[in-house]
Amino acid sequence: MTVEEICRRAYENKYLTARLTTDQKNSLICSAACDLVKRTDSILSANQEDMKRGRENGMAPGLLDRLCLSEQRIEQIADGMRQVASLPDPVGEVTKMWKRPNGLVIGQKKVPIGVIGVIYEARPNVTADVFSLCFKTGNTVILRGGSAAASTNLAIVDSLHSSLEAAGLPADSVLYIEDLSHEAVGAFMKMDRYVDLLIPRGGAGLIRNVVENSTIPVIETGTGNCHIYVDQYADIDMALRITDNAKTQRIGVCNAAESLVVHEKIAPEFLPRLSELFKGRVSLFADQNARNYLVDSYEATDQDFGREYLDYKMSVKTVKDIDQAISHINHYNTGHSESIITDSYENAQKFLDEVDAACVYVNASTRFTDGNEFGFGAEIGISTQKLHARGPMGLDALLSSKYIIYGNGQIRE
């Protein structure tokens, strides 16, 4: 099928998906999760093809980490789907209702958006996550994965289609664009006649391309230049533990910390210990003051402070007070996730109030910015914009609303 034919089929199917009952949706998502686990061997075999091709093409370690699946990761994907099924169904909920002086009763009701398109790169888990969230909210979804995960994505989509067909439900609830050409992506971005919302999941280049060229409304899931700020009142052991986790637990994800900001009063004690902790593992790109306390580091440039490395690299900036820290973070961040390590309640609240980001933490790793960790089961992306949705996007972010009005013969004078 051409891209237009795929989009037209999704459009024609969206009203069928929207009419499914909660029991139908939940049962299907659980069945699809089980089928995914049953097909672990075939999915892993497909994933190995993608991994082999990725290594041959010199794919960066962070991207290879995102691409790689294992039995444990497939089970985690399935668990996320089951969690989505266990959540209350928000579709049809009337959030408020009021009566006007003329007797009209007006309510606001949650409804599916319709057809949601997702363009993503080397993230095969997105295929299952997005399907479960969109299906639960009564939306039809069109997926266009990148070439790096082509084999894995097709294996997962085949599993989803089999589950839908076995349940007697429309297989067109999830459609996949197999055409990997740039022309196909360009055509997809112009299908505003059929597609209601487009969500990009990937690097800065992909996101910028979609935002600048799509005629479909876009929710921007931005890159993650996430910061850890070690305040002068920080518990140093806690700060080291959190910084290590935020930077190294998984380097190829958007909620990994890329930048470290340190109060100059704690720097003489904190930075030498950090240098020892990261020795041989993480390269530090630091300002001159920080380099005085680091055993091994490189001089940071302005680009380093704003970079999403997706690698074992981190920038380090020292500041004289919390105001300078907040100013630095708001200047260089991407609106994703920021964290302060401090024992000061006043500084914690100031940081929460003044840092401009989707998720702001006190004494915790930025790695928790995740739909599963937030109790959403999964996420369709982490929005770094401020309209409609912000932060990890669960079920509510995939709904629109309509007004329902009850009358008894009113006419407007």
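**Close-ups of a predicted model**

View 1. Cys 7 is in none either, as the nearest cysteine sulfur, that of Cys 134, is 14 Å away. Cys 7 is buried at 0% relative accessibility, while Cys 68 is partly exposed at 25%. (Buried means under 20% relative accessible area, exposed over 50%, partly exposed in between, using a 1.4 Å probe and protein chains only.)

This is a predicted model, so local features need pLDDT of at least 70 and side-chain atom pairs pLDDT 80 or more, while totals for chains, interfaces and linings use all residues. Residues are numbered from 1 along each chain as its sequence is written, and side-chain values use heavy atoms, leaving out hydrogens and water.

View 2. You'll find His 328 in helix α14, residues 322-332 (helices are DSSP runs of H or I, at least four residues, numbered from the N terminus). His 328 is buried, with a relative accessible area of 8%. Leaving aside residues up to four places away in sequence, His 328 touches His 227, Val 261, Phe 305 and Lys 317 (contact means heavy atoms within 4.5 Å).

**View 3. Helix α6 against helix α7.** Helix α6 (residues 124-136) packs on helix α7 (residues 150-166) at about 30°, with axes 8 Å apart. That makes the pair roughly parallel (angles under 35 degrees). Among the contact residues are Phe 131 of α6 and Leu 160 of α7.

Key: Helix = DSSP H or I, 4+ residues; strand = E, 2+ residues; numbered from the N terminus. Axes fitted to C-alpha atoms, helices over the stretch in contact; angles between N-to-C directions. Parallel < 35°, antiparallel > 145°, perpendicular 65-115°, else oblique. Disulfide = S-S within 2.5 Å.
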